Amino acid sequence: MGLESLNHNFLTGTLEDVVKWARQNSLWPATFGLACCAIEMMATGASNFDIARFGMEVFRSSPRQADLMIVAGRVSQKMAPVLRQVYDQMMEPKWVISMGVCASSGGMFNNYAIVQGVDQIVPVDVYAPGCPPGPETLLHAIITLHDKIRTGEITRRPRRTPLVIGQPA
């Protein structure tokens, strides 16, 4: 019969499947809490919700050690270049979760000082809605990101070209 008749398991799986499994189960988040959503992000790491079961128990303080950025809260225009610099310093492959309505769309702060969506600065993979979203919502976003990594949907996402001021989009 040969190996074709066997179901995929840890012996017969492809190397790509093993790499996806390893990436999915070893995300290292960077600490990037900007407002009230950061309190909920910290609560997710506490014992009641315990993201250690996903291999994410340690929030990295250095972007060079992280591959997941959780943008929690509103991003000001002054903070936008710093956010982009931290993102650029992260190791590849890297992922972004936009946590909260302020990070996703500017929220109730529709003014010149707040970025109206963090996706204008970095490519966002998963949005966690709410004001502030609870730890359950962040856990759901993490599980959604795990599914995207496992299915390979992340590697097929379209890359945004940077918008140059003065040229048509």
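Visitor: Which residues touch the most other members in the largest nonpolar core?

Guide: In this predicted model, they are Leu68, Ile97, Met99 and Leu145, out of 20 residues in that core. A nonpolar core here is a set of buried Ala, Val, Leu, Ile, Met, Phe, Trp, Tyr and Cys residues joined through side-chain atoms within 4.5 Å. Buried means under 20% relative accessible area, with a 1.4 Å probe and protein chains only.

Visitor: Which elements give two or more residues to it?

Guide: Those are α2, β2, β3, β4 and α5, and α5 gives the most, with 6 residues. Helices (H or I, at least four residues) and strands (E, at least two) are DSSP runs, numbered from the N terminus.

Visitor: And what lies apart from that core?

Guide: Another core, of 16 residues, including Val86, Ala103, Ile121 and Val124.

Visitor: Before I go on, what are the ground rules for the model?

Guide: Local features need pLDDT of at least 70 and side-chain atom pairs count only at pLDDT 80 or more, while totals for chains, interfaces and linings use all residues. Residues are numbered from 1 along each chain as its sequence is written, and side-chain values use heavy atoms, with hydrogens and water left out.

Visitor: Switching to the sheet: what is the strand order?

Guide: The order is β1-β2-β3-β4, in an open sheet with parallel pairing; two strands pair if DSSP finds at least two bridges between them. β1 (29-33) and β4 (126-128) are at the edges with a single partner strand each, so one side of each has no neighbour in the sheet.

Visitor: How many bridges join β1 and β2?

Guide: There are 5, in the parallel sense, with β2 covering residues 68-72.

Visitor: Which strands does α2 touch?

Guide: Helix α2 (residues 37-44) packs on the sheet and touches β1, β2 and β3 (95-99). Contact means heavy atoms within 4.5 Å. Helix α5 (residues 135-151) also packs on the sheet, touching β2, β3 and β4.

Visitor: At what angle do α2 and α5 pack?

Guide: About 70°, with their axes 8 Å apart. Axes are lines fitted to C-alpha atoms, for helices over the stretch in contact, and angles run from 0 to 180 degrees between N-to-C directions. So α2 is roughly perpendicular to α5, a label for 65 to 115 degrees.

Visitor: Who makes that contact?

Guide: Glu40, Met41, Ala43 and Thr44 of α2 meet Pro135, Leu138 and Leu139 of α5.

Note on methods:
Parallel < 35°, antiparallel > 145°, perpendicular 65-115°, else oblique. Buried < 20%, exposed > 50% of the residue type's maximum accessible area, 1.4 Å probe, protein only.
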